[in-house]
Amino acid sequence: MSVAILRQGGVLIASIQSDLSDTEVIDLRRRLAELVGTDGARGIVIDVGALDVIDSFVTRALRAIVLTARLRGAETIIVGIAPDVAIAMVQFRLNLEPLRVALDLDEALAMLHDR
Amino acid sequence: MDQEHETADRSPEASGDGELLQQLVAYLRENRTRLREEWAQRISDAELLQVMSDEEIFSEATEVYDNYVDALETGSVENLQAYARELSERIIPRGVETDEVLGIVLLLRDVLARSLFAHYQQDLGLLDRILDAYEPAANRIAVTVGVSFVEERERVINEQQDAIRELSTPVLQVRDRLLILPIIGVLDTPRARQLTEQLLGAIRDNRATVVVIDITGVATIDETVANHLVQAVEASRLMGASTILTGLSPDIAQTLVDLGVDLGMMKTVGDLQGGLEEAERLAGYRAGDANT
């Protein structure tokens, strides 16, 4: 399992450690949907810093996670998109709307605490 | 280069191009002083290399002459090529043009051919064979020198382009986590791409939350470049920074509208001052939030 989900206060932190297979992406989505909303988890931070590529499948899965979490009453923030990955995503017109992004974990936690 | 006055073997029966060439080289070495002076004289008569003094022309002419004769003798243009590069490196900054360099090499070719003619005119058969040996080698030398000069110019131009590119896209930090990217000059695709990379790198390194891109100094913009700008802004957003575009000239603003570039998601402010105020408001707002 390449994604560890940690809990810090009311925030779930999913740190992706290597490129994900499609099944792993679906598995992550399912686990997050289960965890969020239980025990007062009101925010999710997904760290994609280890991903060399973010393709349309991953983008769609991330959006699905955001929307699912929202339905369960939690906010999701994506962090750690690398410069080359950002350029590639823009060029392939992969739109992360309505995702919120932050530069790093600190930033994301600050954004969630502000809420 | 001091192979002075070797005795020439001038047997008119000499046969074979190699031998003829040896004979030719020996003749040219023997008459080095005279031919060199004649050449230098022709150069000043033709008003070439006017940026250089007569003494300089004469000393360069000596070097070129010796290298030229060596290249004729060995048939290898490598030394001459190296010398031509080095010479070009010295004279290009002084404004010597390509036509002048080609001019002087062709003049040397003429001077030598003329002197060979004068020397061998008694024996037209031999002259014919001497010229057969001389001409291809001389043409090859002329091409080598010309190409070396042009290559050196291109190298200088490329270097300058790189230097301009380096200089022209600074990313400045004005406040904590607030960057300015002033763009001045022509924005073409390679530069727009480089700019995007620098911007994203700077956002990561400085943990920037707001970036102001100022294009007051950009005169025109085309569709490709406009799209690059939009992409730069979107990519910065993916890295968690908001971008404000300032200083769009009336021309650029109209062009963008005419091109139908989608600037909907871009925040634009009239001038840099307004952009900075807006940026501070954004950053300050966030900072204030983080402290509560």
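I looked up Ala14(A) and found it opposite Ile46(A) in strand 3 of chain A. The model is predicted, so I note that local features need pLDDT of at least 70, side-chain atom pairs count only at pLDDT 80 or more, and totals for chains, interfaces and linings use all residues. Residues are numbered from 1 along each chain as its sequence is written, with chains lettered from A and ligands numbered from 1 in the order in which they are written.

I next checked the pairing here: strand 2 (residues 11–16) and strand 3 (residues 43–47) of chain A run parallel over five bridges. Strands are DSSP runs of E, at least two residues, and helices are runs of H or I, at least four, numbered from the N terminus. Two strands count as paired if DSSP finds at least two bridges between them.

I then looked for helices on the sheet. Helix 2 (residues 56–71) of chain A touches strand 3 and strand 4 (75–79), its direction making about 150° with that of strand 4. Helix 4 (residues 105–114) of chain A touches strands 2, 3, 4 and 5, at about 160° to strand 4. Contact means C-beta atoms, placed from the backbone, within 7 Å. Axes are lines fitted to C-alpha atoms, for helices over the stretch in contact, with angles from 0 to 180 degrees between N-to-C directions.

I traced the open sheet of chain A: five strands, order 1-2-3-4-5, mixed pairing. Strand 1 (3–8) and strand 5 (100–102) are its edges, each pairing on one side only.

Last, I checked the contact between the chains: 15 residues come from chain B and 14 residues from chain A.

Note on methods
Two residues are in contact if their C-beta atoms, placed from the backbone, lie within 7 Å.
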